[in-house]
Structures are given as C-alpha cells and as structure tokens.
Amino acid sequence: MRPLSQVNNPYKDDKNIDACALFGMINIEGTRFPFKDPLKAISNMRERGNGLGAGFAVYGIYPDHKELYAFHVMYLNRQAKRRVEKSLEEEFRVVLSEELPTKEAKVSNPPLTWRYFVEPNTSKVNEEKITEDDYVMKNVMRINVSERGKALIFSSGKNMGVFKGVGYPEDIAEYFCLEEYEGYMWICHSRYPTNTPGWWGGAHPFSLLDWTVAHNGELSSYGANRRFLEAYGYKCTMQTDTEVLTYAFDLLVRKHKIPLELVPKILTPPFWDEIDQMQQKQKQLLTALRQTYSGLLMNGPFSLIVARQGQMIGLPDRMKLRPLTAGMGGSFLYLSSEEAAIRVVQPTLDKVWNLTGGEIVVGMVKAPAFVRLQLATMR
Amino acid sequence: METPTETLKELSRLKIEEGAIGVNALEMRSYELNALIRDLVKKGFKGLNLYNVYGQRYIGAGLSGDITFKVYGTPGNDLGIFMNGPNMYVYGNVGDGCGNTMNDGLIAVYGHAGDIVGYSMRGGKIFIRDDVGYRAGIHMKGYRTAPTLVIGGCAGDFIGEYMAGGIILLLGLDESRRHETRFIGTGMHGGVIYVRGKITHLGKGAKMMDIDENDLRVICELVKQFCDLFNFNSSKIIKQEFTKIVPVSHRPYGRLYT
Amino acid sequence: MKTYLPPEYIVKRDVKLCNKCKVCIQQCTYGVHYYDEKEDCMLSRDENCVNCQRCVFFCPKHAIIIRKNLVSYRKNHHWTSEVITAVKKQAETGRAILTGMGCDKPNLTYWDKLLLNASQVTNPSIDPLREPIEIRTYLGKKSKQVELALTGEVVLKTELTPQLCLEIPVMFAAISYGAVNLNVQEALARAAVECGTYFNCGEGGLHPNLYRYGDHLIVQVASGRFGVHPEYLNIGAAIEIKIGQGAKPGIGGHLPGEKVGKEIAEMRMIPVGTDALSPAPHHDIYSIEDLKQLVYALKEATGYAKPVAVKIAAVHNTAAIASGIARSGADIIVIDGVLGATGAAPKVIRDNVGIPIEFALASVDERLRNEGIRNEVSIVASGSIRSSADVVKAIALGADAVYIGTAALVAMGCTVCQRCYTGKCPWGIATTDPEISKRLNPEEASRRLINLLNAWGIEIKEMLGGMGINSIESLRGNREQLRGIGLSESELRILNIKPAGR
Ligand code: SF4
Ligand code: SF4
C-alpha cells in the first residue's frame, strides 16, 4: 500500500499537480446541517474529478469536545499506530481515542483511520513558551515527518474534522459514514491528480490546526513560496500547492495577525503600477505587505476555498485563470467551481456572481453581512 | 539659535549651558545618541557638550559645519568618521578608528587613542595627547589640503602605512620610553612623517631624510598648536632632534606588472 | 635582451583594397599601423596589436583583417602556446602579468548548463504582449513581519526600510572613474535613469557632472576610501562597501600613477601622479563585527536613509560569509563570481582565485533561507551575466537582481580584448586620455545601453510568461524552474536542482 505522505511521489516530481472541483457552504447563523447538500453539490461536478481523491472538512462537528484538538490519523500498519500513540501520550493528554466509524464502500485500500481528542501537555507548552496552537502544529509536523508516510495526522483542529481518501466523493462519504455528522460549514473537494496515482494521504482538502484549504489549479510560484515558508519554520513535506497555501494562511493570519481581508493583498497583490497610483497611506501599506511577503505571491492559475472556525473564504488568482463562483441564499453562502453545483442545492439564490481576479469573499458566522472585497475597494 | 522645542524640554537629558547644549549620554545607545546629535545640529545648536559617554560609536559621523563638541567619557569606535568641519575635544581616551575617513575639522584627544587613527583622512587635524595604537594614519591622503595627525606619545607598528599624502608628527614626549614602532611608512607613496627621537625600523617603501628649514617650520607650527591644546612647553619639545620619513617613490607599484 | 615572444596577432592588409587613407593610423592607439613614405605603402608593427578590432571596423575599404598568430609550437595540451608565452614573458621582465576584463578559461560558465522550464497543460503560459508581467524589484532589507494597528482603520506600524526600486532587475556594476572616463560613466548614468535602474560609480570618487544622477547612483566605499566625503555618501541612492571583487579576490588594486592626472587626483583626493592604492583589506575591517561597525558608520553618516550593500568575491566559504554579512546590518549582499571583470588584475589571480557565481549564489541563498534570514538582505549576483537568460537563471537560483559590467561595456563597443589596463582602449572606454575618450559619445552609448536593457526586459517577460509566472518575485529561488545538463551529482546537489529529464 502507498505511503501516506511525502514519499508518495514515486516519480520524484517537483510536486504533485492536480485539477479538481471545489465546493463550500456555510450557514452564517451557525446552524448545523447534514452532508446531503454538500455531497449533492460536489457530486454534480463529477466531470472535474476522476475518482482518485475526494474529501470533506466539516466545522462544528464535535460540539461535545469543542475545547479539545481532534486529530484524525491514517495508519498503514499497527506498528505505526503504536508509535504515534506513544508520542501522543507523551506530548498530550489523550481524552478519547477511537477508530473512525467506516463502512463498506467503493474505495480501494483504505488505511486504518483513528481519531483522538487531545489536550496539549500544559507544562510542556509553558516550558517552550509558545502558544498551544504552535505546540500542536509543531508536534503534528514532527510526527508526520518522522513517520515518513507510515502514519499521517490529516486533521488537527478543534470542533472540526476532515474525511478524505481515494474514491469519488459519494464513495468517501459512504465509507466514512458522513450521515452521522452535522456541521455549520462543509468544504468539499473532488480531485483530478495530474501526476500521481491516487493516494489517501494526498487527497484534499489539506488541513492543519483549524485551517482547511481546498484548491484548484497550479502554482507556478511553488518553489519560491515553499522556500519562503521554510525560512519561517514550516516543513513542506507533502509537495503540494495546498500545503503551501495552508501554511501561508497560518503564517499571515494566525502568526502575523494580518486581517483576513488583507491576505489577498499579499497572495494576489495589486500590480506595482496600481500601487503607485494609490494614496500615500494605502501605498505604504500595500508596499510593505508586498515587499515583506514577496515570497508568498501566488502565481499561476488557482482558485481556493479556505476555511477556519466560523469563516469561509474564497479567492481566485489575480489573473483569474481558474473559476470560482459565489452564491448567497437565505442564511447560506456558497463557493463553488461551478454555479450549477450551487443551484442543485438551492435553485433560487439572492445573489450569484463569479469572482474577479484577486477578489476575496468572506462568509462569517454571525457577521452582519457577507464581506465582499475587491481590489478596487482598497484604492 | 532656535530655543529648545517642547520635545527637547521633555528630554531630561538636555541642559542649556553657556553657548552650548549639554547632553547626558548615560545609557544611550549609539544610534539614539547620534540621532539626538543630528537633531540638535539641525535645530541650530553650535556647541554640544556630551557627558557620560561610554563607548557610543560614530559620534559626529558625517557632520559638517562650524560645530564644537566637547566629549566627556570614553567614546567608542569611529569617532568623527566622515566628519567634515566640526571641532571635537575629547576629555578621555578614544577607541579605534578615530577620525576615520575624515574630511575636515579638528579632533583633539586628551588621552590616548586606539588603532587606525585617521584612517584614510584627507583633511583636517587630529591631535592625540598620549599614545596611539597600530596603523595610525594609515592611507592618509590629500589633494589640495594636507591632513595632519599629531601624536604626543608613542605609536604602534605600521604608522603611516600606505600613506599617500598629509603629515604625521610623532612626538614621543615621555622621555623615559623609546620609540618601538616597527614598519614605519610601509607602502608609503606620498606625504611625510616626522618623528622626534630615534627610530630604526622603517617599512618597505619608506626612507629617512634629514629635516630642512621648511620642515622645521611645519613642525614648530604643529608643536605650538599641540602645546596650546594640551598645555605643554613647546620650546622644550622643539629642542630634540627630528627625523623625516618620506616615500622612496610615488609609484611603488610601477615596476611590479607587465 | 632579445625577445623570444612572437607577436600575438598578425595584421593582414589587402593591398589591392587599401587606398592609403590612413584611417587605421588614426584609429589604432597602439601605434601598429604606419605609412612608409619611401615605399609609399601602409605597414604594421604586429607585435603591438592587441586585436581590439577598432581598425578593422573603421577601415572604409574593409582591407584589414587581424589574425591570431598561430605559432607552430609542437602540439601539447599541457604546454599550450599561451603557457609558453607567459613563461617567456616573465623570464624577460621579471614581473607579474597584468590583464584586464574577466577570466577567459573554459568550463567556468555554468549558466549554459542550466535550462529553464515552460508551462504545458497543467498551467497556462502567459503572453507578455497581452498580459501584465511585472519585473519590478525592490532591493533592501525586508522586515520579517508586517505589523499593523487594527483599531478601526488598518494602520501600518512596521517602518519601511529604505529600498532601491528597480524597474528591471539589472544594474550597472561598479566601474570607476580612472578605469574608464567620464563619458562612459555618463552613458551608464543616463541609461540607468532612463531604464529605472542604478549605476555604480566604483571606488574612484564621483565627478561633479554626475551628481545630478544621484537618484540612480550607488556610491562605493572601498578600502582606499577615495573620494569618500559626506556629500558623496549622501548623493547616491545607496552605498556599497566593496570588500572584494570576483576578478581579484583577496587583493587590492591600484591605479597606476601615470593615469592619476589632475581630475582623477582631485576626485580621489590624492596627489597628482601617485599610484592610487586600494589596500587588500579595509583597515578598519579585520573581522565581521568590524564590518558591522562600518555598515552602521555609513548609516549614521547618512541618517539611515539609504540601503547599504556589501560586495564580496565568490570564494570557498561565501555562504558563511554571506550569513555574517546578513547579520551585520547590511541591506544588500553583492556576490561577484570568478568570471567577474576588472580594469586591471594580475592574470594569475584573475584566472585561479574564486568560484563560479552559480555555486556561490545557490549556496548563499540556501544558507540564508535555512537560517531564516533570507528576508534580511537582498542578493545581487554579479560577474558573468551576458544575457537575459543568465538573469532569469540567476533569479531562479535565488538572486534578487544582477549587476552587469562587461555586457554594458560590450554594448558600448568593447570587444573584450582584455587590455583595459593599458589605458589606451581604442574604443574610448578603458581610457582617460581626453582625446581617445572623445571616441565614446555618451548620448549614443547610452542609447545602446537603453536598447540592451529594453531588449532584455522583453526577453525576461517572455521567459516568465512561458513559465506561467507574472511577477518576478515568484521566480526568486524557484529552482523547480531549472534543470541541469551535463552536471555531476554533487554539482546538482549544490545547485539544488534536478538533472534535465527528471
Ligand atoms: S586598432 Fe586594434 S586591432 Fe587594429 S591594429 Fe591597432 S590594436 Fe590591432
Ligand atoms: S574596454 Fe577597451 S581595452 Fe578593455 S577589453 Fe574592452 S575594448 Fe579592450
């Protein structure tokens, strides 16, 4: 069976490339809903995937354990499981550990999948003088690297969980018994790998802490982005664009406290000519952002959906080379690669539009309205 | 002179003194002190008395104009680097690189100095009352102006190395010691070094000559200035014998390459 | 002593074509051509010819050809005629051999062993004629993080550090007055202004005529500290501390006294006619903390308003040195490779000391990234850049921008004859002789430079577009865009690239 993380690149390509379908929906009241609609939507875009990978990230899924980090872990064998569990016991207080419920489905070669609700070992956190999140991230990365594909922690946020694997979205949903869960936000991904055989660890979405990134397209800036992030302590082991995007969001929003609406000014910044035209203050701000984080400029075609607790963000590249549609209806905000997928769920929408290059759409639970920010609004 | 502004008054470090402004440099970082100095100069102060100087570097860096500094304490390296006119009196010892690449002005040190005093200076005057470290006056040069370095005490090795212009006067006033400087004027190709007392170890490219009347005039003038500054008796100093060291050639590298 | 040195070049004149107009006599500054009145014919002193091609281009009848004098020593790969000539020359003079320009040995150009990528299918290439592609580059220290005040309006708290803004990531390398004449510097300055980039006046001080180009000027502070005074430091957009240069790492330099005329003496602030010596080290820098001291001295002298660059030659432990420089407070590191050129250097040093820029660059970029300090400094690669492809490859290896020296001189007419040190450059470049200098018209020369940079700009955009990249920062350090050809395992490892086909 194929290893779960970085070594699963049998041809040693620079990175793994894929195309795909994205779908995300969030209820801004925070009301939880079942998997039916999201699944219907993502399945509607079957042409965009090829059955070699699909996944779901569900937020608001574990209300009973919402203070605890929920780890979803894939194992290739029992030894790996023993090693990881030993490590978890050392670094965390494991409150609950159980096998993820699964059932017969059209999936091939599923690994063992377990879930753990854990709490960081507080004395160690204090000793290292870092935040709990940093502590969790460090340990997740350490375990994932040291296991070399034998085990993979693929979900590590609070009150959220990722389910993913090799198969079409319906099969993955079936296999992981998604009918058992409810969430206020669902991010779905169906994959079309370009250069790798399907592998469980490489399915999307990619998640770290409570970040989830699902993306479509390819970053031609990958090498530059990756080297930039490595200088900030991230280890890019998966060789995927998604991983790099996730770390970029984590660095900017969580660590450097850049407001979400400014993130596109870094990932997909305005052109220098445009910045030159701005008023002094704006100009300085955008210049500072673009200069400081020049290595995070994301080049090439992509559209992405990023989620974290209470927030869903959509962002296409600045030249708008990949599609992303947003729709609003009732208490829902939808983001999708295709409008039709939104319409199957909710035929009449209050509003629907295709995002423009570098435009960010943010849906927030309990926020007064959807935030729609365009490059133009910054001028 | 502009009256001190609000911001300046706030700074308890400042004190208006007669014809000058006093700065208490205690615990200031180099860049803080220098930023303050630049600010005060910009505001029009012509006299700056710096107290409690402990190792702050670059004092007077790149400043031009008719400004007088009195520095109390032990300033750090590169005192007066790139300086272009001000007068700087230091009541204490100075670190390395004093008068580095100095263009014009005066530095008088009431104490001793570290290495490379007057490195590459091309104008102005430096007077050091006591000893200097290694490579004093290295690569001094001069086009229209002759930079001048006068040393009251003894010097470390390589004094006047690569010298391309200007005057060094080494007085050796402590009669109980002899000059132990070696490699005097190594690679020298311009300028002149005067030494009071006996020296032996010349560097490659330098040669010794007797002084003539013209030299003596220059020496007398410099000794007088030195004595005025540091309160010595000039006639006693002049009595001793002086030697002159000049380059063998202005083209030391002329026959090295084909 | 009779010389055993054969002339290096033979001047061939087609007497049927030659109409004895004597243009060649005028043009040759080495006194090769002469007219024999008795015989009424043109003759040449072949032994003086340096093969600069000036007379060839200017002969209206195209009657002149310069040939290499192929002395038929017995063929020997070890004792080549070049080697034999050098030994004989030294035996006759007892001196070190001087030369000009960069090392001309084979096998040191690695640019040609690197190949670039282009998008196919998974990623669209971009047509630069239709879509914007940005090649603007900022040089200077970047903060590690942007800090914002977030109460209500977003306000920038991070202070912007001084930056150089390059509209094309190519600058003109340090070329000093003395090594070249004012016309050359003037041409470089005008082109830098026009193209939105910078020229570097080198270590010989700054002629007052060039002060007006200050916004596009990088002033240099070298060990000789020639012409360094507060006004000089403040006039430029940045200051470069020259520690070393690729053509002669570890040794100083000197401008021979005969070149030090009134103007040069004035600018360098030295007496007329003396050798202008640049000591091998800066005598206030014997260690890395001393470098820091000089960096901050310059910042103090200029009120922290300008980036400070430090230029070093690429040598064996460049990565470690660069790491030290990055921590010294410098804003830019310039690395000059073994092929970097000069006005004069001992040949033995030029050809044997230092390492190729490609390796130095790759290892410096890697090292600074590993240490998490790559953002602290910008990297400028210099020495051997000949084309826009070299520029793109350098950036993919990790440079922010490049310097060009030889390429700029070639654009102005230089034929790389390597005799710059004679001061007689027939193209009016490496000379300060007022008459010969007139051969270089600054207006026309700057036109040539502007054309060159414009052409490179177009080509760089073409290459970026092909890779599906629309902004140059996405290329920086993006070694995935490079593949190596004909490189050993260890060379690939150091460059951190894959071989072609993998
Ligand atoms: S002009 Fe140049 S090529 Fe022609 S003879 Fe003179 S040195 Fe030789
Ligand atoms: S600058 Fe002049 S002397 Fe130097 S290589 Fe070019 S043509 Fe020859």
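In this report, Ala, Val, Leu, Ile, Met, Phe, Trp, Tyr, Cys and Pro count as nonpolar, Asp, Glu, Lys and Arg as charged, and the others, Gly among them, as polar. The model described here is predicted.

**The surroundings of the two ligands**

By these classes, the shell around ligand 2 has nine nonpolar, two polar and one charged residues. The surrounding residues belong to chain C and include the run C414(C), T415(C), V416(C), C417(C), Q418(C), R419(C) and C420(C). M101(C), C425(C), W427(C), I429(C) and A430(C) are also found around ligand 2.

The table sets out the composition of each shell.

| Ligand | Nonpolar | Polar | Charged |
|---|---|---|---|
| Ligand 2 | nine residues | two residues | one residue |

**The interface of chain C and chain B**

The size of an interface is often given as the accessible area lost when the parts come together. For chain C and chain B, the buried area is about 3700 Å², with 57% of it on carbon and sulfur atoms. In chain C, the residues that lose the most area to chain B are R95(C), Q293(C) and E300(C), which together account for 19% of what that side buries. The contact involves 48 residues from chain C and 41 residues from chain B.

Which residue of chain B forms a salt bridge with E300(C)? The partner is R38(B), and the closest N and O atoms of this pair are 2.9 Å apart. Three salt bridges are found across the interface of chain C and chain B, and 20 residue pairs are in polar contact there.

On the side of chain C that touches chain B, the elements giving two or more residues are helix 3 (81-93), helix 5 (230-235), helix 6 (262-268) and helix 7 (288-301) of chain C. Helix 7 of chain C supplies the largest share of this side, with eight residues. By class, the side of chain C that touches chain B has 24 nonpolar, 13 polar and 11 charged residues.

**The fold of chain A**

Chain A contains 11 helices and 17 strands. Of its 379 residues, 65% count as buried. Among contacts in chain A between residues at least 6 apart in sequence, 75% link residues at least 24 apart.

Definitions and conventions
Residues numbered from 1 in each chain as written. Chains lettered and ligands numbered in written order. Predicted model: local features only at pLDDT ≥ 70, side-chain atom pairs only at ≥ 80, totals over all residues. Heavy atoms only, no water. Contact = heavy atoms within 4.5 Å. Buried area = accessible area lost by both parts, 1.4 Å probe. Salt bridge = Lys/Arg side-chain N within 4 Å of Asp/Glu carboxyl O. Polar contact = N/O pair within 3.5 Å; in protein donor to acceptor, adjacent residues only side chain to side chain. Helix = DSSP H or I, 4+ residues; strand = E, 2+ residues; numbered from the N terminus. Near = heavy atom within 4 Å. Buried < 20%, exposed > 50% of the residue type's maximum accessible area, 1.4 Å probe, protein only.
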